[in-house]
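Have the sequence and the 3D view open as you read.

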Amino acid sequence: MLNFLAFKPGMKEEYLKYGKAFAESAGSSRGGDAKIVGSVIKDGGKGEGWDEVALAHYPSLWNFADMLASEDYQEANQSYRVGSLRDTCILFTSEVGIAEMRGGAEEKAKL
């Protein structure tokens, strides 16, 4: 999942509590794993834009859906995440292996 996050002023610390709760319960118990989290560098423009981007991995879409429906996720989401964000966008992504793209060939990718 590719997550774009825009925090309400002064609320990033509250969102970090969500991240901790997520990692300790709903996320980790369903195979969720934050792979990359980073700040968005603003170009000096006046737009509000995104503050952070995060890439998370789940074993399948079903693991992600099960997590969203769980009580432990909803507790962390409502307690920390919802109130801390000005805006968010979540995009479902899928891993594509080079070997699968080449029809199972074992040849290494040439970059």
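## The largest pocket

Keep in mind that this is a predicted model. Its largest pocket has a volume of about 430 Å³. There are 25 residues lining this pocket, and those closest to its centre are Tyr15, Tyr18, Phe22, Ala34 and Ala54.

Which elements give two or more residues to that lining? They are the strands β1 (2-7), β2 (33-39) and β3 (52-57), along with the helices α1 (12-24), α3 (61-69) and α4 (71-84). The largest share belongs to α1, with six residues. If you sort the lining by class, you get 18 nonpolar residues, four polar ones and three charged ones.

## The second largest pocket

The second largest pocket holds about 270 Å³ of space. It's lined by 13 residues, and His57, Tyr58, Thr93, Ser94 and Glu95 sit closest to its centre.

Here β3 gives the most to the lining, with three residues. By class, this pocket's lining is made up of seven nonpolar, four polar and two charged residues.

## Two strands side by side

Now find β2 and β3: they run antiparallel, and six bridges join them.

Is β2 tucked away or out in the open? Buried means under 20% relative accessible area. Of the seven residues of β2, the number that are buried is zero, so this strand lies largely in the open.

Methods:
Residues numbered from 1 in each chain as written. Predicted model: local features only at pLDDT ≥ 70, side-chain atom pairs only at ≥ 80, totals over all residues. Heavy atoms only, no water. 1 Å grid on protein atoms, 1.4 Å probe; cavity = no way out; pocket = protein on both sides within 12 Å on 5 of 7 lines; lining within 4 Å. Points joined across faces, edges and corners; volume = space filled by probe spheres on them. Helix = DSSP H or I, 4+ residues; strand = E, 2+ residues; numbered from the N terminus. Nonpolar A, V, L, I, M, F, W, Y, C, P; charged D, E, K, R; others polar. Buried < 20%, exposed > 50% of the residue type's maximum accessible area, 1.4 Å probe, protein only. Pairing = 2+ DSSP bridges.
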